[in-house]
Amino acid sequence: MILQHVADGILSGAVVALGAIGLSFTMKMLRFANFSHSELLTWGAYSALVFVAFFSSFGGFLDRTIGPFSFGASLLLAMPCACIATSMVALLLHRFVFERLSRMAGHMTMVFASFGVALTLRHLVVLIWGSDPIYYSRELQFAILLPGNVRVMPDQVFLLGLTVVVVIALHLFMSRSRAGISMRGVAENPDLARASGVNVDRIVTWVWVIGASGAAIGGVLYGMTVQLRPELGFSLILPLFAAAILGGTGSLYGAVLGGLIVGLSENLSVMVIPTTYKPAVPFLLILAILYFRPEGIFGERSR
Amino acid sequence: MIGLVSYIVFFLILSLIFGVAVLGLNLQWGFTGLFNAGVAGFTAIGAYTMAILTGPARDAVFGGFELPFVVGLIGAMAASGMGAAIVGLATSSLRHEYLAVATFGIAVTIQLVCLNWEYLTGGTLGLIGIPNPSKAWADGPLAQNALYLLMVLVSVGLTFAALERIVKSPWGRMLKAIREDDVAAASLGKSPERVRLEAFVLGCMIMGLSGALYVSFIGYVSPWDFLPILTFQIWTMLIVGGSANNRGALLGALIVWGVWTMSGFIISRVVPSEIQAQGGAMQAVLIGLILVVTLLIRPRGLIGEELHVSRHAGP
């Protein structure tokens with residue numbers, strides 16, 4: 001039983017980790033807590049729905065499911081499209097709201113604005129797609145029985161595999177590419193990075209694209225393994241913040257580890273507290289980490 | 001004509017009740033710079049306390065003491081204040097967005113407790129039959145609502161007058177000093193931690209009062225009234241009206257609640273009935289846009305803070 005909770009925890013932790021990477025980067029590099037980041041998961045998931053319908057309409061192999069999975073090539077093609085669409089939403093928000101506010105007002109104003117943006121984005125989803133739950137596919141899947149009597153769905157295996165691939169790709173990007181190294185420089189010290197000739201505006205664009213793409217993939221994976229609801233992202237807002245703060249803002253591995261800790265503690269908590277109180281677990285984690293180690297696990301103590 | 005008058009009375013009652021909560025938030029954010037993103041939670045504590053203290057006795061549910069209205073109001077403020085003291089002590093080292101994230105989580109947790117602790121809160125069904133004192137003293141809905149409006153006006157007036165006095169007092173000036181520069185305030189021998197906690201507790205007590213006035217008027221309390229969207233609405237009211245100005249806080253409540261009800265009315269007339277369910281989403285989109293647009297074009301709100309220069313400041 002405990003192993004099943006661990007497996008579920010890792011799976012939900014993977015989705016949280018994908019969303020938390022972007023939130024963590026925005027908190028560190030753009031210096032504001034973006035309460036609307038979780039809505040990017042919702043937009044990613046719903047925009048993929050449009051692309052899935054588009055690609056499936058060609059029929060043929062695009063419309064057929066692959067092996068044991070519930071989805072076909074159309075969803076695999078829809079994912080990068082959803083990343084692009086969500087990145088465009090994020091960049092538009094940056095261009096018309098957050099960038100302007102960061103120039104003329106303090107970072108707290110950006111936090112208020114993110115309240116308004118979150119409210120608008122979430123309810124636009126209700127207006128466009130309605131409030132009933134939607135599924136990418138209704139195909140039946142057979143659970144795989146792992147040792148220790150743990151059951152996982154093929155889609156969940158895919159979820160975990162894709163998350164690992166995304167994290168490795170981001171690791172390579174951050175450690176090998178020029179943009180990734182500059183990004184770490186901006187996180188460390190923006191003034192010094194600017195003085196060393198880093199184009200900070202370009203790096204900010206990268207932060208939004210990476211954050212939005214991670215959110216979109218997380219949203220699609222959540223929609224694939226659970227369901228699509230307009231509150232999909234909003235219900236993840238506390239887990240995302242918990243993961244970003246736990247890991248220490250601005251750290252890729254911190255966000256991933258934070259996501260796993262949040263997912264595991266949420267799922268293991270049901271053994272001690274009633275399931276109905278599960279949504280409060282990330283909040284307790286936030287309180288504990290802020291009390292004992294405000295800079296997070298991987299963050300540096302600033303003094 | 002009577003219809004319109006009753007509607008205006010009804011509208012004023014609700015917007016002024018929101019206004020009370022906005023005044024509480026204004027003390028915290030406007031004057032002290034405390035980012036409380038858990039307004040809905042503290043109004044919920046006040047609302048449930050009012051329901052438990054003044055409501056009728058029920059089987060298998062705690063409370064139902066049938067105490068007088070005013071006792072309920074005082075109890076609601078005390079309960080919200082106690083909740084705020086615990087939260088304030090636990091989060092005393094947090095600033096800005098970290099305080100926002102923590103208080104947001106507190107509100108989510110309070111809502112979960114309201115939803116699930118059936119013995120105390122009645123669970124998903126909530127608590128019904130909360131007495132409205134105006135029903136005992138007046139006949140007919142219009143007279144009753146007018147009387148309740150009077151009671152709300154008295155509450156708003158007292159809160160407003162008290163806050164105006166408080167923010168002009170030495171303690172109030174200390175709040176602003178801490179908001180602007182807590183290191184400088186501390187170097188003058190003030191204790192920012194303690195003053196912040198006091199302002200947080202006082203602000204949350206006012207939010208509790210707002211919740212209590214709300215349940216007595218509506219007659220029931222349910223966990224669905226205290227979702228995070230309530231926090232966003234109250235923040236929008238403060239930002240639109242102008243933070244650090246108590247008149248602005250009340251003006252913002254009237255305007256934003258006015259836009260909310262008017263848009264709801266227009267949507268119910270114009271939008272075809274098969275997509276009426278989406279009407280609420282249109283209202284929420286509108287509130288979100290108002291908040292963002294206000295921040296972009298008039299960040300200090302309609303009537304923002306009045307700037308004061310000390311009488312003693314020399315050239």
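Is Glu164(B) buried or exposed? It is buried, at a relative accessible area of 17%, where buried means under 20%, exposed over 50% and partly exposed in between (1.4 Å probe, protein chains only). Here are some notes to go with the structure.

1. Ground rules. This is a predicted model, in which local features need pLDDT of at least 70 and side-chain atom pairs count only at pLDDT 80 or more, while totals for chains, interfaces and linings use all residues. Residues are numbered from 1 along each chain as its sequence is written, chains are lettered from A and ligands numbered from 1 in the order in which they are written, and side-chain values use heavy atoms, leaving out hydrogens and water.

2. Back to Glu164(B). Its side chain meets that of Lys168(B) in a salt bridge at 3.1 Å, N to O (a side-chain nitrogen of Lys or Arg within 4 Å of a carboxyl oxygen of Asp or Glu). Glu164(B) and Lys168(B) sit four residues apart in helix α7 (residues 141-168) of chain B, so about one helical turn separates them. Helices here are DSSP runs (H or I, at least four residues), numbered from the N terminus.

3. Another bridge in chain B. Arg194(B) and Glu198(B) also pair up at 3.1 Å, N to O, and they too are four residues apart, this time in helix α10 (residues 192-218). Arg194(B) is exposed at 57%, and Glu198(B) is partly exposed at 27%. Over all chains, the structure holds five salt bridges.

4. Where the chains meet. Contact (heavy atoms within 4.5 Å) takes 39 residues from chain B and 42 residues from chain A. Together the two chains bury about 3,600 Å², 85% of it on carbon and sulfur atoms; buried area is the accessible area (1.4 Å probe) that two parts lose on being put together, summed over both. Glu97(B), Val101(B) and Phe232(B) supply 18% of what chain B buries against chain A, more than any other three residues. How many salt bridges are there between chain B and chain A? The count is zero.

5. The core. The largest nonpolar core has 189 residues; such a core is a set of buried Ala, Val, Leu, Ile, Met, Phe, Trp, Tyr and Cys residues joined through side-chain atoms within 4.5 Å. Phe35(B) is one of the members touching the most others. Leaving aside residues up to four places away in sequence, Phe35(B) touches residues including Met108(A), Phe112(A), Trp29(B) and Trp235(B).

Conventions:
Helix = DSSP H or I, 4+ residues; strand = E, 2+ residues; numbered from the N terminus.
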